[in-house]
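This briefing covers aromatic contacts, charges over rings, a pocket and a few individual residues. Please keep the sequence and the model at hand while reading.

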Amino acid sequence: MNADATLSWLSWVCAALFFFYAFFQRTSPSAYYTDLESEFNLDGAGVGSLSSTYFYAYAIAQIPYGVFMDKFGALRVIAFCAFGAFIGALCFSLSYSLVLLYFGRTLVGGFVGVSWISAVKIIQDDDYFQGKKQLLTGTSMSIGMLGGSLGQGPLAALCKSSGWRFAMSITSVVPIFVSVSTAIVYIMK
C-alpha cells in the first residue's frame, strides 16, 4: 500500500473513531443516570433534560459544520472538534455544578455533531475510495453502533466499579486521541 492510500485510510479511521465516540456519548447517560439523580438531586425529567442538551447541540451544529468542512477540509474540522469534545467531556465529568454539567454535555453534543458528516465527506471526496464508498459508509455506521453498545452495559459496569466520574474522565481520552491523530494525518497529507 502506498503512502497516499495509507493516509486515506488513516483519515477515514480518525473520522470513524470520532463517530464511534459520538454514539458512545449519545447512549452513555443510561449507564450513570442513577448517579446523576442522587448526586445532583435530579429526577427522571432532570436527567432527560441533561441528556437532551447533547441532541440539541448536535442538531444545531450540522449546517455550520458542513460549511466549515467545505472551507477548511474535514480533517482540520475533526481535529478542532475532537479537541472541543475532549474539553466538554472533561468539563462534564469533573463538574460539581449543575450548570457546568449541562455546559459540558452541550459542548460534547455540539462538537461531536461533525463526526458523521466528516466520515461521509472523507469517503465521498477521497479518490482512493472509489468503488468502496457504500462499504465504508456502512462500516462507519456499524462502528458508530459499536460505540453506542459500549456506552451501555460495558460503561455501566465501569461506572459501577469505578464511579461515573472516573469512567467518563477515562473515556475522554478518545476525543483527544482523535484530535491529535487527525492533526498528524492532516500535516502528513
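Which element gives the largest share of the lining of the largest pocket? That share, 3 residues, comes from α6, where helices (H or I, at least four residues) are DSSP runs numbered from the N terminus. The model is predicted, and local features need pLDDT of at least 70, side-chain atom pairs count only at pLDDT 80 or more, and totals for chains, interfaces and linings use all residues. Residues are numbered from 1 along each chain as its sequence is written, and side-chain values use heavy atoms, with hydrogens and water left out.

**The largest pocket**

- The largest pocket holds about 150 Å³ of space, a volume being the space filled by probe spheres set on grid points that are joined across faces, edges and corners.
- A pocket is found on a 1 Å grid over the protein atoms alone, as an open set of points where a 1.4 Å probe fits, with protein on both sides within 12 Å along at least five of seven lines; lining residues have an atom within 4 Å of a point.
- Residues that line the largest pocket include Ser11, Met69, Phe72, Lys121, Asp125, Tyr186 and Lys189, and the elements that give two or more residues to this lining are α3 (44-72), α4 and α6.
- By class, the lining has 6 nonpolar, 2 polar and 4 charged residues, with Ala, Val, Leu, Ile, Met, Phe, Trp, Tyr, Cys and Pro counted as nonpolar, Asp, Glu, Lys and Arg as charged, and the others, Gly among them, as polar.

**Aromatic pairs**

- The structure holds 17 aromatic pairs, in which ring centres of Phe, Tyr and Trp (its six-membered ring) lie within 6.5 Å, and planes under 30 degrees apart count as stacked, over 60 as edge-to-face and the rest as tilted.
- The pair of tryptophan 9 and phenylalanine 129 is edge-to-face, because the ring centres are 5.3 Å apart and the planes are at 75°.
- Since tryptophan 9 lies in helix α1 (residues 3-27) and phenylalanine 129 in the loop between α6 (115-125) and α7 (133-150), this pair ties together parts that are 120 residues apart in sequence.
- Tryptophan 9 is partly exposed at 24% relative accessibility, whereas phenylalanine 129 is buried with a relative accessible area of 0%; buried means under 20%, exposed over 50% and partly exposed in between, for a 1.4 Å probe and protein chains only.
- The rings of phenylalanine 92 and tryptophan 164, with centres 5.5 Å apart and planes at 70°, also form an edge-to-face pair.
- Trp9, Trp12, Tyr128 and Phe129 are linked by ring pairs into a cluster.

**Charges over rings**

- Arginine 26 lies over the face of tyrosine 58, at 4.9 Å from the ring centre, the criterion being that NZ of Lys or CZ of Arg is within 6 Å of the ring centre and within 35 degrees of the ring normal.
- Arginine 165 lies over the face of tyrosine 96, at 3.8 Å from the ring centre.

**Individual residues**

- Serine 95, in the loop between α4 and α5 (98-112), is buried with a relative accessible area of 3%.
- A polar atom of the serine 95 side chain lies 2.7 Å from the backbone oxygen of serine 97, and the side chain of serine 95 reaches the backbone nitrogen of leucine 101 at 3.2 Å.
- Tyrosine 32, in helix α2 (residues 29-40), is buried with a relative accessible area of 0%.

Technical notes: Polar contact = N/O pair within 3.5 Å; in protein donor to acceptor, adjacent residues only side chain to side chain.
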